[in-house]
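I opened my notebook to get to know a new protein. Here is what I looked up, entry by entry.

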Amino acid sequence: MRAITHDDGTMTVQDLPDPEPGEGEVLVQVAAAGVNNADRQQLAGNYPPPPGASEVLGLEVSGTISRLGPGVTGWSVGDRVCALLSGGGYASLVAVPATQLLPVPDALDLVSAAALPEAACTVYSNVGMLAGLRPGQTLLVHGGTGGMGSHAVLWAKALGATVVTTSGGPAKVQASRELGADLAVDHRSEDFVAAVHAFTDGRGVDVVLDVVGAAYLGRNLEVLATNGHIAVISSSSGRTGELDLGAMMGKRATISATTLRARPRDEKAAIVAAVRQHVWPFVEDGRVRPVVDSVLPLDEATEAHRRMADGELVGKVLLTP
């Protein structure tokens with residue numbers, strides 16, 4: 001198979017042995033792989049794969065099943081799927097636990113479907129399962145046009161929630177509005193705390209999806225409604241910050257901080273099953289769709305990472321082998 005290998009931060013395309021599907025796994029002929037910040041972190045040496053996972057970058061793919069491993073039921077060779085991975089996506093073939101597959105609806109472009117698994121599983125496990133967002137509540141999404149943020153906007157709107165986003169610059173604010181955000185705040189020129197308080201008549205938001213981390217903890221708490229929840233899914237602004245525990249207790253607030261990649265297989269299976277039950281109906285009826293910024297060949301993985309680093313994306317960059 002063709003795959004990206006990396007050494008000292010440099011990516012190259014090489015021929016590697018084809019993976020063999022193990023017990024409960026399938027082999028997927030990759031149509032496209034999603035590019036995520038975790039890939040950039042791994043390339044920089046800051047986010048190694050969990051034990052036993054492929055060293056090849058890539059945490060999500062779309063494609064067709066080319067082979068079934070021992071013990072696999074419910075799937076067939078030729079099925080169109082997208083998949084959550086622990087690694088191995090930047091390749092033409094990848095072995096995937098069958099419990100981490102999602103079916104690609106007939107009406108959905110197979111390449112574009114690669115933008116869905118990581119975002120859908122991350123957003124739903126944090127905002128749906130941990131925070132318990134419900135119809136009629138208000139969600140604040142930081143980074144509302146990123147790969148995670150754009151999906152969160154579409155899913156929360158389909159659920160029946162009110163959505164507030166923060167984004168950087170007029171173009172991205174407009175993109176957030178086009179995705180369906182009820183309020184889009186330009187964090188470069190506006191104070192999102194003041195904007196949210198004005199929008200909610202001082203009540204605040206029920207859930208915050210935070211891709212910033214420590215630097216935003218205090219302000220997220222300011223903007224949180226009573227009984228609200230802050231879901232942290234990134235530490236991009238550093239690992240330490242200050243939090244007013246008195247204010248947190250006064251609001252009866254909760255905070256969660258999670259990663260997805262290193263979770264045990266059974267936990268990932270449970271998350272994928274929940275996504276299939278609660279998110280996939282919106283994918284099937286078109287209310288939740290992949291948001292794709294650009295599609296590049298595997299040979300241009302370095303350019304894909306550069307575009308991510310620029311921070312001007314709307315949606316995800318995909319790589320096609």
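Before anything else, I noted how elements are named: helices (H or I, at least four residues) and strands (E, at least two) are DSSP runs, numbered from the N terminus. I also wrote down that this is a predicted model, where local features need pLDDT of at least 70 and side-chain atom pairs count only at pLDDT 80 or more, while totals for chains, interfaces and linings use all residues. Residues are numbered from 1 along each chain as its sequence is written, and side-chain values use heavy atoms, with hydrogens and water left out.

**Entry: threonine 145**

I found threonine 145 in the loop between β8 (138–142) and α3 (147–159). Is this threonine buried or exposed? My terms here are buried for under 20% relative accessible area, exposed for over 50%, and partly exposed in between (1.4 Å probe, protein chains only). Threonine 145 is buried, because its relative accessible area is 1%.

Next I listed its contacts, meaning heavy atoms within 4.5 Å. Setting aside residues up to four places away in sequence, threonine 145 touches Ser150, Ser167, Lys172, Ala175, Ser176, Leu313, Val314 and Gly315.

**Entry: leucine 260**

I then went to the loop between β13 (254–257) and α8 (265–278), where leucine 260 sits. Leucine 260 is buried too, since its relative accessible area is 7%. Beyond neighbours within four places in sequence, I saw leucine 260 in contact with Leu84, Glu118, Cys121, Thr122, Lys268 and Ile271. Serine 125 is 135 residues from leucine 260 in sequence, yet their C-alpha atoms are 8.9 Å apart.

**Entry: helix α8**

Which residues of α8 are buried? I noted Lys268, Ala269, Ile271, Val272, Ala274 and Val275. The buried residues of α8 pack against β5 (80–84), β7 (101–103), α2 (117–130) and α9 (280–284).

**Entry: the whole protein**

Stepping back, I counted 10 helices and 15 strands. The radius of gyration (taken over C-alpha atoms) is 19 Å, close to the 20 Å from the globule rule (2.2 Å times the number of residues to the power 0.38) for 321 residues, so the protein is as compact as a globular protein of that length. Its C-alpha trace spans about 55 × 40 × 35 Å along the principal axes. Of the 321 residues, 54% count as buried. Finally, among contacts between residues at least 6 apart in sequence, I noted that 68% join residues at least 24 apart.
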